[in-house]
Amino acid sequence: MQKLHFGVAYYPEHWPQERWAEDIRLMKEAGVTVVRMAEFAWSTMEPAEGQFHLEWLEKAIEMLAEAGIVSVLGTPTAALPAWLAHKPGVLAIEENGQTVQFGNRCHYCVNSPQFQQASRRIVQAMAARFGNSPHVIGWQIDNEYQRICYCPTCRAEFQNFLQTEYPSLDELNLHWATAYWSQAYSDWSQIPLPIGPHNPGLMLAFKRFISRSYQNFQKTQVDELRPHLPPSAWLTHNFMGWFGAFDHYTLTRDLDFASWDWYIGTGHHDHLISGASHDLTRGFKRKNFWLMETQPGNVNWTKTNNALNKLEARAMAWHAVAHGADALLYWQWRSALGGQEQYHGTLLDQAGRPRPFLGEARLIAREFAQLTDLISGSTIQSKVALLNCYDSRWSIEFQRHNNDFDYVAYFQHWYRALAERNLDLDILSADEPLTGYKLVIAPALIMLDEARVEKLREFVRHGGRLVLTLRTGLKDRHNALLTARQPAGLAELAGVEVEDYYALEHPIPLAGNLFPQGTAGLWAERLRLLGEKYTATLAHYGVSNGWLDAQPAVTVNPYQSGFVYMVGAWLDEASQKTLVNQILINASLSGLMKTPPGVEVRSRLRPDGEKIYFVINHTPTPQVVALPWPAHDHLSGQKVAGEVEFTPYAVAILTREK
Ligand code: GLA
């Protein structure tokens, strides 16, 4: 991907063809370089079964190309046509047994043979017509996968899936401990889909089945498309950040890179939260990503659909690029006159005239064009990785034990404390190799096997700093309890074991010099030192339930050339910052720059070795940043040095003066 693209979602099928030229003229004027089209146009492309009308799309692609705008096509399977919805077995069945109503989106059963056949046919037709078009640079498959179906086909497919996962029913019974409550299965066909809480082994297997189902569905489309595409064309899907219905590492396996759709909803942007979503998406493939959709001003689907402040979206745009976005597309170009999203923010209003926001979009487009040569081809090189594991997340979500214990919130708790230090961060699958990192944090890595233990041991053995936390090493890959105390195979590295865990009703005090006013909330584990000579206790618990009083809460253990932290409690924000500070000092890591709160610095490395620094004031007030070195600001074209004032939402994109 050698270009920093700016674009919009465009639905030419909503408008008479006579209007298109004006739309395209306005797009060109606004600096649009790419449009995404067709992802909901199935009923226009195939109004009756087997009758394809793609000429309009071809015309739109050509008209755009004449204006120098390239196209991304979406396969239209997220919005199926009425003639297909009425075929038996196509619409999904909800948990309560009701068939999903036609007229919204994503209402298909992902395993339905009828639906898959129809999907393949429309994708075939599109691939044959547009696959080798020089104007179509890439494809988005479907749109925001999300539906879970409970129909008889899915149940039968689930049972088939289990037969590929387990060598025998006896093994399945053993791993799921089905002797418990008399659940033992004597035939595969007896195994149900989990509705509500169920056996933890079955629930985890169902999640994996959903991931596999979407992967297979996507693969049929990938296989239709690939043979028609030139090598430069790519395939992606627009995911939804931390959405947790399936394993995104599985789903991205057959794609070239990941994309995501970033919406704020009510309120304003918090870069410490959104930064994690960007880094998560980049980590799905360990590649730069596309921001396939983002909001121009406001959405229509939340409590108060307030607008972003003037220039907030520009700061957000550069923030996305700073975290690895190679394209940003606003959803959508113009307000549709009908349909469910009449009130959503757009660039053109119902009259087809520019909304005030278009001015800001133009500015972003102009700046992208100005900096495309500087930025394209650059990537993020981080020394710090946070490990993400869907299995661990689901295992905890099935049995939170403390209802307020949220895996993603805990993950973000770690991310925030690191991110505000202006470090470039990676979020990776817990199964990825760790070469090149200095510090690895594994929040609530409850799911452990020998391969993971071995990898983490190797990392620490070679000098890595590893942070383990509460809720680590309790489960095996089948979601059964391991027959060892937490953190199981990692205890040797940590120099501690967990004697017991406690869901907390309210915060409890910590004791010790490091966290004088500190508290632990939601969760606390009582650690026991295993007697290694150099294991240090960084914090004890204060007086609370008796069981935790004066017991170790946070420890650090030197292991070969590295160090392993064990953080047994969910620390309050201030203590978390203090701890992160200690960890960073120990790892000889420091942020890119010191900034006031709300001002972010991130970097991308160009192939020629030059580092690009993105300095962004995410606040609506002026801020002063003391630059550690004189620099060239590529946005203003000016030399900057010393104390630099950043006006509200101001952005500077710097390289160091030679
Ligand atoms: C999603 C969809 C878009 C649109 C937006 C509105 O992300 O992909 O089609 O509905 O939401 O916010």
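The second largest pocket of this predicted model holds about 610 Å³ of space. Of its 27 lining residues, Pro200, Gln399, Lys475, Asn479 and Leu481 are the closest to its centre. A pocket here is an open set of points, on a 1 Å grid over the protein atoms alone, where a 1.4 Å probe fits, with protein on both sides within 12 Å along at least five of seven lines; lining residues have an atom within 4 Å of a point. Volume is the space filled by probe spheres set on the points, which are joined across faces, edges and corners.

Helix H8 (200–225), helix H13 (390–398) and strand S16 (519–529) each contribute at least two residues to that lining. Helices (H or I, at least four residues) and strands (E, at least two) are DSSP runs, numbered from the N terminus.

I turn to the largest pocket. Its volume is about 1,400 Å³, and 47 residues line it, with Phe40, Arg105, Asn143, Trp331 and Glu341 nearest its centre. Helix H2 (42–45), strand S7 (259–262) and helix H10 (271–285) each supply at least two lining residues.

Next, the sheet. Nine strands form an open, parallel sheet in the order S5-S4-S3-S2-S1-S9-S8-S7-S6, where pairing requires at least two DSSP bridges between two strands. S5 pairs with S4 (residues 136–140) over three bridges; tryptophan 139 has leucine 235 in S5 as its bridge partner.

A note on conventions. Residues are numbered from 1 along each chain as its sequence is written. Local features need pLDDT of at least 70, side-chain atom pairs count only at pLDDT 80 or more, and totals for chains, interfaces and linings use all residues, while side-chain values use heavy atoms, leaving out hydrogens and water.
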